[in-house]
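Me: Walk me through this model, please. I want to learn how to read each feature.

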Amino acid sequence: MDTLLKTPNKLEFLHPFHGFVEKGANLSSSKPHNQELRFGARKPCLRWGKHSSVRVRSSALLELVPETKKELLDFELPMYDPSKGLIVDLAVVGGGPAGLAVAQQVSESGLSVCSIDPSPQLIWPNNYGVWVDEFEAMDLLDCLDTTWSGAVVFINDKSTKDLHRPYGRVNRKQLKSKMMQKCILNGVKFHQAKVIKVIHEEFKSLLICNDGITVQAAVVLDATGFSRCLVQYDKPYNPGYQVAYGILAEVESHPFDVDKMVFMDWRDSHLNNNIELKERNNRVPTFLYAMPFSSDRIFLEETSLVARPRVPMKDIQERMVARLRHLGIKVKSIEEDEHCVIPMGGPLPVLPQRVVGIGGTAGMVHPSTGYMVARTLAAAPIVANSIVQYLGSQRSLIGNDLSSEVWRDLWPIERRRQREFFCFGMDILLKLDLQGTRRFFDAFFDLEPHYWHGFLSSRLFLPELVVFGLSLFSHASNSSRIEIMAKGTFPLGPRRLNTCDWITILT
């Protein structure tokens with residue numbers, strides 16, 4: 001999913017994105033266009049033995065995973081000079097897409113910006129997947145390296161949904177290079193370190209780094225993703241978790257149409273010979289997400305959409321290996337693998353507070369889907385314009401007052417209500433088994449495109465979300481309606497209404 005967060009070879013929280021990629025592509029052709037998808041040394045082809053256990057096959061697949069190689073951008077960065085003792089207008093902590101986007105846009109106004117990150121030149125390890133129209137709206141089509149004319153959803157062995165909405169994979173190197181170049185041209189300074197503490201004074205904040213350097217700033221932006229380094233929360237944090245394991249692989253062949261990406265494959269016939277694994281999948285289902293670049297090159301990812309507690313990574317890998325074996329996909333080599341864990345839902349941070357946030361640290365992950373990259377990049381101008389407005393030539397606000405206004409612009413009441421609705425969707429998905437999940441998405445993708453597009457891309461607000469909910473309910477089967485009514489509570493006003501009450505009120 002577009003906004004999944006992925007981490008290569010480590011089970012840890014990083015900057016967000018449904019583990020798929022952003023890329024630049026020629027949209028005049030419906031054929032996928034590929035750049036920089038090269039594989040390393042050839043390794044023995046992995047063939048599935050008829051009598052070997054799933055556990056053994058999983059180990060065999062993992063043996064093909066290469067060692068992680070960190071790729072750096074070849075830029076000479078203008079570094080922050082602590083000897084000058086200057087107070088920068090904005091210190092951005094974290095060098096992911098969200099942080100760089102705000103740094104770039106604030107610096108364009110002439111304000112001074114310092115970007116603080118332990119590895120500022122490191123190309124992001126996450127794979128990002130997005131709907132093409134989202135990047136087109138932000139003039140980022142050149143940062144997609146592959147596009148597909150549409151997507152497909154396999155509900156079960158007999159039912160599929162064709163999604164006529166172009167999808168793309170982000171070119172991580174191109175996107176970061178583009179943002180870094182603009183930051184450099186705008187005069188952004190970089191400091192290679194990790195912030196370990198922040199001290200707030202009336203007119204400035206002191207950021208203490210692990211190298212002993214202190215950066216002074218009028219405004220501090222926490223863009224560190226799910227690590228939530230500086231932004232504070234005051235409520236128990238008990239989110240759902242999206243977990244995924246993916247590989248970018250060279251294969252002998254695969255059964256998918258190269259003109260379409262596989263958005264969701266909920267089929268489970270690959271588990272017929274493993275009763276224990278099938279029962280686990282019936283209770284907490286996983287699906288395949290796949291981006292075919294050619295007949296023998298493909299990104300494959302097994303994903304648990306949302307669960308609490310999270311599905312163990314080992315379980316995800318076993319399910320994936322069983323699926324590949326059933327589909328007849330023989331892996332010849334793996335360029336990279338990805339472990340993805342994304343916290344979804346949970347409370348928002350304390351609003352307002354002195355440190356401003358964006359992205360995962362500010363609760364901006366879509367609670368029902370895990371999408372975040374496009375939403376965060378679209379929100380960057382809101383944060384940047386707010387900072388520029390109040391910190392510009394007139395300096396009308398400072399300190400806590402300024403931060404309060406930025407938080408208010410980032411999370412206005414309509415966005416908070418929208419998030420509550422999405423959390424309602426997550427609450428339902430958490431309680432659905434495989435059959436219930438299939439029925440849910442069968443109805444979801446039968447909606448008018450305006451509604452499912454808007455829901456996935458965070459473009460629907462009340463009252464349209466109410467219309468969306470009623471439309472979904474009307475398209476659902478009787479069994480699915482009963483599940484929604486029994487398992488969901490709908491957020492409306494100061495209290496959460498049972499779905500039965502909600503439908504009664506609105507109808």
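Reply: Start with pairing: two strands pair if DSSP finds at least two bridges between them. Strands (E, at least two residues) and helices (H or I, at least four) are DSSP runs, numbered from the N terminus. Some ground rules come next. This is a predicted model, so residues are numbered from 1 along each chain as its sequence is written, local features need pLDDT of at least 70, side-chain atom pairs count only at pLDDT 80 or more, and totals for chains, interfaces and linings use all residues. Side-chain values use heavy atoms, with hydrogens and water left out.

Me: What is the order of the strands in the open sheet of three?
Reply: The order is β3-β7-β4, and the pairing is antiparallel. β3 (129-131) and β4 (144-148) are the edge strands. Each has a single partner strand, so one side of each has no neighbour in the sheet. On average, neighbouring strands here are turned by 30° against each other, direction ignored. Axes are lines fitted to C-alpha atoms, for helices over the stretch in contact, and angles run from 0 to 180 degrees between N-to-C directions.

Me: How many bridges link β3 and β7?
Reply: Three, in the antiparallel sense, with β7 covering residues 167-170.

Me: Which strands pair with β5, and in what sense?
Reply: β5 (residues 150-154) pairs with β13 in the parallel sense over five bridges. Among the bridge partners, Gly-150 meets Lys-260 of β13, and Val-152 meets Val-262. β5 also runs antiparallel to β6 (residues 160-163), joined by four bridges. β5 and β6 form a hairpin with five residues between them.

Me: Are the residues of β5 buried or exposed?
Reply: Get the cut-offs first. Buried means under 20% relative accessible area, exposed over 50%, and partly exposed in between (1.4 Å probe, protein chains only). In β5, five of its five residues are buried. Both faces are covered: Gly-150, Val-152 and Phe-154 on one side, Ala-151 and Val-153 on the other. β13 (residues 260-265) is mostly covered too, with five of its six residues buried.

Me: What about His-200: how does its accessibility read?
Reply: His-200 lies in strand β9 (residues 195-200). Its relative accessible area is 34%, so His-200 is partly exposed. Contact means heavy atoms within 4.5 Å. Leaving aside neighbours within four places in sequence, His-200 is in contact with Ser-205, Arg-354 and Val-355. The C-alpha atoms of His-200 and Ala-217 are 9.6 Å apart, at 17 residues along the chain.

Me: How is helix packing described?
Reply: Two packed helices are described by the angle between their axes and the distance between the axes. Angles under 35 degrees count as roughly parallel, over 145 as roughly antiparallel, 65 to 115 as roughly perpendicular, and the rest as oblique.

Me: At what angle do α7 and α8 pack?
Reply: Helix α7 (residues 373-391) and helix α8 (residues 399-410) pack at about 150°, with their axes 9 Å apart. That makes α7 roughly antiparallel to α8. Residues in the contact include Ile-382, Val-383 and Ser-386 of α7 and Leu-402, Glu-405 and Val-406 of α8. By class, the contact has nine nonpolar, one polar and two charged residues. Ala, Val, Leu, Ile, Met, Phe, Trp, Tyr, Cys and Pro count as nonpolar, Asp, Glu, Lys and Arg as charged, and the others, Gly among them, as polar.

Me: What does Ser-386 touch?
Reply: Ser-386 is found in α7. It counts as buried, at 1% relative accessibility. Beyond its neighbours within four places in sequence, Ser-386 is in contact with Glu-405, Val-406 and Asp-409.

Me: And α9 with α12: at what angle do they pack?
Reply: α9 (residues 413-431) and α12 (residues 464-475) pack at about 15°, with axes 11 Å apart. They are therefore roughly parallel to each other. The contact is made by Gln-418, Phe-421 and Phe-422 of α9 and Leu-465, Phe-468 and Gly-469 of α12. The classes are four nonpolar, two polar and no charged residues.
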